[in-house]
Amino acid sequence: MNIEIHIIPYAQNNYAYLVADKKTKEAILIDCGEASPILQYIAEHKLQLKAVLLTHLHHDHMGGLKAVQHAYPGIPVYSGSEQTTYTVYDQQTLTFNHIEVKVYDLTSHSKYDRGFAIGNAFFSGDVLFSAGCGRLFDGDANDLFHAFAKIQSLPKNTKIYFAHEYTQANIAFAKTIEPDNQDLQVYEQEVQALRLQRKYTTPTTLATELNVNPFLRVDTIESLKKLRDQKNNF
């Protein structure tokens with residue numbers, strides 16, 4: 001696939017993504033918490049929006065959906081819920097001309113979590129962040145553990161595009177868990193340099209996360225639950 005991934009920041013720390021075919025300019029949108037920056041970006045880059053994929057149904061990820069649908073009447077919307085045009089399931093493949101998407105059921109953070117693999121990119125929504133993970137609203141540690149197992153089965157060079165810029169705060173917590181983790185210390189310096197330049201920390205890579213993310217470095221459901229509880233109270 002000859003694609004390019006456009007990162008669209010919005011609100012205080014959210015990211016939406018446009019995955020576009022470089023040749024045809026046809027694109028799919030992943031999450032749309034706010035319509036205005038997305039529609040403006042599409043117009044400026046002369047993209048042709050063909051579909052919307054939602055990682056889950058929290059308002060900060062779909063609050064702009066009605067406005068996008070108004071701008072693109074009849075545009076199909078895909079999610080893990082029957083509330084959208086199409087419901088998508090684990091290991092399902094979607095094809096939008098030259099863009100192929102593999103769906104992963106990541107139910108944990110919310111009831112309808114979906115991850116999307118496109119080429120060597122993986123869109124993890126609020127399930128996995130850099131150096132951290134999402135709170136468990138509808139699922140439990142068992143769900144999260146199995147969602148992580150699916151992500152960890154991806155190639156190590158997979159680029160992970162997450163939905164919130166929480167990286168520095170996540171690193172601060174991770175350091176309390178693994179104060180002697182040299183990979184984490186190096187990563188902290190890299191992240192600080194990026195943020196000082198007002199650059200994004202998305203995407204990360206699976207290889208990086210396996211070295212620095214404490215939630216991917218535990219091997220039991222009980223340990224993961226304890227770690228998530230610690231983070232909740234951090």
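Before sorting any lining by class, I note the rule: Ala, Val, Leu, Ile, Met, Phe, Trp, Tyr, Cys and Pro count as nonpolar, Asp, Glu, Lys and Arg as charged, and the others, Gly among them, as polar. I also note that this is a predicted model.

I looked up the largest pocket and got a volume of about 190 Å³. It has 14 lining residues, and the closest to its centre are Phe129, Cys133, Gly134, Arg135 and Tyr166. Sorted by class, I get 4 nonpolar, 5 polar and 5 charged residues for this lining.

**Cavity.** The largest cavity comes out at about 30 Å³. Its lining includes Tyr15, Tyr17, Ile30 and Asp31. The largest share, 3 residues, is from β10. By class I have 6 nonpolar, 3 polar and 1 charged in the cavity lining.

**Helix α8.** Does the length fit, I wondered, so I checked: the 12 residues of α8 (residues 221-232) should span 16 Å at 1.5 Å a residue, and the end C-alpha atoms are 16 Å apart, which agrees. Which residues of α8 are buried? I found Leu224, Leu227, Arg228 and Lys231. They cover an arc of only 100° around the axis, so they sit on the same side of α8. Glu222 and Lys226, on the other side of α8, are exposed. Among what covers the buried residues I list β12 (132-133), α4 (141-152) and α5 (167-177).

Conventions:
Residues numbered from 1 in each chain as written. Predicted model: local features only at pLDDT ≥ 70, side-chain atom pairs only at ≥ 80, totals over all residues. Heavy atoms only, no water. Helix = DSSP H or I, 4+ residues; strand = E, 2+ residues; numbered from the N terminus. Expected span 1.5 Å × (residues − 1). Buried < 20%, exposed > 50% of the residue type's maximum accessible area, 1.4 Å probe, protein only. Arc of directions from axis to C-beta. Contact = heavy atoms within 4.5 Å. 1 Å grid on protein atoms, 1.4 Å probe; cavity = no way out; pocket = protein on both sides within 12 Å on 5 of 7 lines; lining within 4 Å. Points joined across faces, edges and corners; volume = space filled by probe spheres on them.
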